[in-house]
Structure formats: structure tokens, C-alpha cells
Amino acid sequence: MVDFSAYGDFIAEKAAALLNIDSPTGYTAEAAAWVRKEFESLGCTAVMTGKGGVLVTLNEGTSAGKENGILLEAHCDTLGGMVASVKGNGRLQLTNIGGMNANNAETENVRVVTKFNGVYEGTCQLANASIHVNGKYGETPRNWDTVEIVLDEDVKIADDVKKLGISTGDFVCFEPNTRITKTGYIKSRFLDDKLSVAILMGYAKYLKDNGISPERAVYGHVTVYEEVGHGGSSSVPAGVTEAISVDMGCVGDGLTCTERQVSICAKDSRGPYSYDVVKGLVEAAKATGADYAVDVYPFYGSDVEATLSAGYDIKHGLIGPGVYASHGYERSHKDGAVNTLKVLAGYIK
């Protein structure tokens, strides 16, 4: 009998390491290289895709199994920002990458990655951010026109900033502020979806530790453009008949999932997932004793839907550990990660 709880610390450790590598969509090479190396250290074959993602062979499968392969998709790209312009006062105007929301970005420390001149630190602040000066501080809506990046450099005008080599199109990476509590909670920006990338590493370790070789060929695709909608649109290996996004599970009003459970999504904003897959995932949860919830996500889209939109003829599903405060300062739990691992292990027999 496999003790799945033993993988909770491993998954949390790998998630924390990956969270420490900046990777807003479009600036993911370092994170992807780290992911590839980690899977290789677990005995997997891992190659870079043309788009910059990582395609992993988790299990080669039998001859028959190669014709009924399954693809597990997770993503290591995150929300972030980009310099839209350098303002006259030496501050930076931002444009968001993915669904980064200005309400969640305000007061966060950032790193501005220039094209040729290194990295500079700063903070995302409301313009005129001093409450003792700005009488309308509380009334001002937070959006990308009202917040700005204040550089931790002695800059007063636009030319000062340009002399540093900062220009339009440079990436702005937000500090994740990762913390793992004594009670097992995992708090950080960008658990969506670096926690699930770590869960796939946990699955690879589970196969290796226990000498398990499922009949089916099993692949993993760690994508790098999920947050802008086309991460899973390519690189599906031959013989794959089914794909499952391993992404964050939603926690919030009207849903039943908690951070300590695995969420099985029946439908999101793009429509229902395969009935057969959802049913099979529920059966796997019951068989492995995973604490689970089945929910409908009101505002959500996943990598696997991009795979279907690209024309691949496959069945599809979506699972993930419960994550609260999605696209903000997110929170999950080691139990949610372990329960997700249980469902993967039970589903891919």
C-alpha cells in the first residue's frame, strides 16, 4: 500500500523552488530549463518544445498502450506585467500579462527585467500613494492607468530611466512571497500553476519509487503560454487519446472544494468536460480514498481546452488542488496536492 502522504513535502519543496523563478508568460526560459532538469533527475525523458515548453515521457507504456496514451498538462508561466511606457516623472506605466489585476498588484515588490541591461527592483504603487498627501487615495479605482512602478533607483525624469536601459517591452515580475506554514498551508502568488507542475513531479517520483509502469503511455506537457490562452495548443504526442489539465481547483462562494481537497471540474466557462473522464476521475478518487469535490467553475479556461480548440481528437478533463484567492495571493495545502496525486495514480492504472 503506497503512503501518498509522504509526497506532500516533496511536492511543496519543488513548488517553492519553482515559484522562486520568475516566469511571466513570454519570459519562461529559466523556469522551463529548471523543470526539464528536475524531470530528468527523476529518470524521465524531457525535451524542449518549439514554443519553449517541456514535453516529458513519464511512462513509455506497452505497444498497445502507446495507441491509447494520456497527456497530463500543467503550466509554469504566470501572470505578470510589461513596461508600456516610461513616464515623464521616471515612473513606469504597465500593461498586464494574462489576468494580472491591478487591485492585487498594488504595493507588491517587482523586478524589471531589461533586454540588455540587467534587472532592477521596484514597487507597484498607486500614483501619488501617500495617504497623508492624497485625499482621494481611498476613492481612486485601481487599474493599469492609476498604478505605476516606482523604481528603487535615483530617477526623476524619463531620461534617467532610459539611461538605465529600461524601455518599453521589458518584463515586470512580481514577488511571489512564498510561505509554507507549519500546518501545511502553501501561500504564494502563482500557485496557479506551479503547484501542479510540482504535483506532476510527485507523480513521476511515485512511479519511480514504486516501480510502477502503467500499460498506457503517459506524457506530461509543462506549457508556457497558458495564461494567454494557447499553451496546450501544440505538442501532443502521437497516440494520445486523452488529455487532462492538472491546474488549480477553484475555491470560493458557490463551490464545494476546499484547499485540502482535489477539485474535479465538470464544466467551466468554455463548456463541459468529457463525461467519461469526469466519471472516471470520481471513481479514481473513491478508489484511492482521495478527499475530492466536483464543481462547476464560472470563470475559467484550461490548457486542455486549447488542445481541443487546436483540433486534436481527444477526450479531456481537469483536476487540481483547491486554491483560494486565485490570481491574487493564493493559498492551497499539502493535502490538496496529495489528493490530486492520488487521483492521478488511481486514474492511470
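**Structural briefing**

Asp22 is buried, at a relative accessible area of 17%; buried means under 20% relative accessible area, exposed over 50%, and partly exposed in between, with a 1.4 Å probe and protein chains only. The model is predicted, so local features need pLDDT of at least 70 and side-chain atom pairs count only at pLDDT 80 or more, while totals for chains, interfaces and linings use all residues. Residues are numbered from 1 along each chain as its sequence is written, and side-chain values use heavy atoms, with hydrogens and water left out.

**Salt bridges**

- The whole structure contains 16 salt bridges, each defined as a side-chain nitrogen of Lys or Arg within 4 Å of a carboxyl oxygen of Asp or Glu.
- One of them pairs Arg111 with Asp22, with 2.8 Å between the closest N and O atoms. Arg111 belongs to strand E6 (residues 109–113) and Asp22 to the loop between helix H1 (7–19) and helix H2 (29–41), so the pair ties together parts that are 89 residues apart in sequence. Helices (H or I, at least four residues) and strands (E, at least two) are DSSP runs, numbered from the N terminus.
- Arg111 is partly exposed, with a relative accessible area of 22%.
- Glu148 and Arg91 form another salt bridge, and their closest N and O atoms are 2.8 Å apart. Because Glu148 lies in strand E8 (residues 147–151) and Arg91 in the loop between strand E4 (80–86) and strand E5 (92–97), this pair ties together parts that are 57 residues apart in sequence.
- Glu148 is buried at 2% relative accessibility, whereas Arg91 is partly exposed at 29%.
- Arg331 forms a salt bridge with Glu259, again with 2.8 Å between the closest N and O atoms. Arg331 is in strand E19 (residues 330–333) and Glu259 in the loop between strand E14 (249–251) and strand E15 (262–268), so parts that are 72 residues apart in sequence are tied together.
- Arg331 counts as partly exposed at 30% relative accessibility, and Glu259 as buried at 10%.

**Nonpolar core**

- The largest nonpolar core has 101 residues, and Phe39, Leu58, Leu72 and Tyr203 have the most contacts inside it. Such a core is a set of buried Ala, Val, Leu, Ile, Met, Phe, Trp, Tyr and Cys residues joined through side-chain atoms within 4.5 Å.
- Helix H5 (residues 191–210) gives the most to this core, contributing 11 residues.
- Beyond its neighbours within four places in sequence, Leu72 is in contact (heavy atoms within 4.5 Å) with residues including Leu58, Leu200, Tyr203, Val218, Ile244 and Leu344.

**Helix packing**

- The axes of H1 and helix H8 (residues 334–347) come within 9 Å and cross at roughly 110 degrees. Axes are lines fitted to C-alpha atoms, for helices over the stretch in contact, and angles run from 0 to 180 degrees between N-to-C directions.
- H1 and H8 are therefore roughly perpendicular to each other; angles under 35 degrees count as roughly parallel, over 145 as roughly antiparallel, 65 to 115 as roughly perpendicular and the rest as oblique.
- Tyr7, Gly8, Asp9, Ile11 and Ala12 of H1 make the contact with Lys334, Ala337, Val338 and Leu341 of H8.
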